[in-house]
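Here are my notes on the model, point by point. Please read them with the coordinates open.

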Amino acid sequence: MAERSEETLLEKIAEKIHAVHDSSSSDSDDEKPKLSDSSLKPKIYRLFGREKPVHQVLGGGKPADLFLWRDKKASAAVLGGATAIWVLFELMEYHLLTLVCHSLILSLAVLFLWSNATTFINKSPPHIPQVIIPEDLAVNIALSLRFEINRSIAALREIASGRDLKAFLAVIAGLWVVSILGSCLNFLTLFYLVFVLLHTVPILYEKYEDKIDSFGEKAIAEIKKQYAVFDAKVLSKVPKGPLKDKKP
């Protein structure tokens, strides 16, 4: 009886070892096609070489949430406020200084009357918060503006040096388009149009990014083809001066 019990115990242990070995081998077999499938997937083309999601490209913070309508109430409120400002200044021809003065007059009058009326109706006066701009915030804004201005000046200097003809032509074309828009629209209308585009284009692109990227790939291929023809016929014939070696 003891020998039979030992044999059955050994058989059970052997069966468990075989079961564990079979399950591990099946798991490894399942993993192999997954790895091979992922490695064989073709790389999807994205506009401007984008590798991150649209939300991260826009900064990944509250501005990105507003532009992509993550919080619909906040995005609608911001867009509605911008629309109201545009209607006041553009359609109703209101002036900024007049609007600021009228707003201050109305606010001061309401708070003054409310503060004096509390003595007759036995209620507490209104709490007027004390607003102080922190020094760190002002310094950080100034440093950010300084950094962006210096970077823009350095980029313009690099373009003006004549080393990159493509960047030079792109900047000239962009400035020319902006000058045409500036002659047709005033600054406020142009700013409002840009603001509306920021609230519509990113969310539409995120929704239909596969179709837009496919169309963009074809358009960029055609642009490169036309630029190659233009380079061969025009740019290659432009005389270039000798490049001076940079001193170490």
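1. Arg163. At 52% relative accessibility, Arg163 counts as exposed. The classes are buried under 20% relative accessible area, exposed over 50%, and partly exposed in between, with a 1.4 Å probe and protein chains only. The side chain of Arg163 meets that of Glu158 in a salt bridge, 3.7 Å from N to O. A salt bridge here is a side-chain nitrogen of Lys or Arg within 4 Å of a carboxyl oxygen of Asp or Glu. Glu158 is partly exposed, at a relative accessible area of 42%.

2. Ground rules. This is a predicted model, where local features need pLDDT of at least 70 and side-chain atom pairs count only at pLDDT 80 or more, while totals for chains, interfaces and linings use all residues. Residues are numbered from 1 along each chain as its sequence is written, and side-chain values use heavy atoms, with hydrogens and water left out.

3. Overall fold. The protein chain has 9 helices and 0 strands. Along the sequence, the pattern reads α-α-α-α-α-α-α-α-α. Helices (H or I, at least four residues) and strands (E, at least two) are DSSP runs, numbered from the N terminus. Among contacts between residues at least 6 apart in sequence, 56% join residues at least 24 apart. Contact means heavy atoms within 4.5 Å.

4. Burial and surface. How many of the residues count as buried? Of the 248 residues of the protein chain, the share is 10%. The accessible surface comes to about 21400 Å². Carbon and sulfur atoms hold 67% of that surface. Accessible areas come from the Shrake-Rupley method with a 1.4 Å probe; for residues, only the protein chains shown count as cover.

5. Helix H6. This helix covers residues 135-160. H6 has 26 residues and reaches 38 Å from its first C-alpha to its last, close to the 38 Å expected at 1.5 Å a residue. The expected span is 1.5 Å times one less than the number of residues. Just after H6, Gly162 takes a positive phi of about 85°.

6. Arg151 and Glu148 form a salt bridge, with the closest N and O atoms 2.7 Å apart. Both residues lie in H6, 3 residues apart, about one turn of the helix. Arg151 counts as partly exposed at 48% relative accessibility. Glu148 counts as partly exposed at 37%.

7. The nonpolar patch. Ile133, Leu137, Ile141, Leu145, Ile149 and Ile153 form a nonpolar patch on the surface. Together they have about 620 Å² of accessible area. Patches take residues with over 30% relative accessible area and no salt bridge; like charges are joined within 9 Å, nonpolar side chains (Val, Leu, Ile, Met, Phe, Trp, Tyr) within 5 Å. Ile153 sits in H6. Ile153 is exposed, with a relative accessible area of 51%.

8. Where is Phe168? Phe168 lies in helix H7, residues 165-184. Phe168 is partly exposed, at a relative accessible area of 37%. The C-alpha atoms of Phe168 and Glu158 are separated by 9.4 Å, with the two residues 10 apart along the chain.

9. Helix H8. A kink of about 25° is centred on Leu197. The bend at a residue is the angle between axes fitted to the seven residues ending there and the seven starting there.

10. Packing of H8. Thr189, Tyr192, Phe195, His199, Pro202 and Tyr205 are buried in H8. The buried residues of H8 pack against helices H2 (54-57), H3 (62-67), H4 (72-91) and H9 (209-233). Tyr205 has a relative accessible area of 13%. Its C-alpha atom is separated by 9.7 Å from that of Leu68, 137 residues apart along the chain.

11. A salt bridge across the sequence. The structure holds 3 salt bridges. One of them joins Arg70 and Glu206, the closest N and O atoms being 2.9 Å apart. Arg70 lies in the loop between H3 and H4 and Glu206 in H8, so the pair ties together parts that are 136 residues apart in sequence. Arg70 counts as partly exposed at 45% relative accessibility, and Glu206 counts as partly exposed at 27%.
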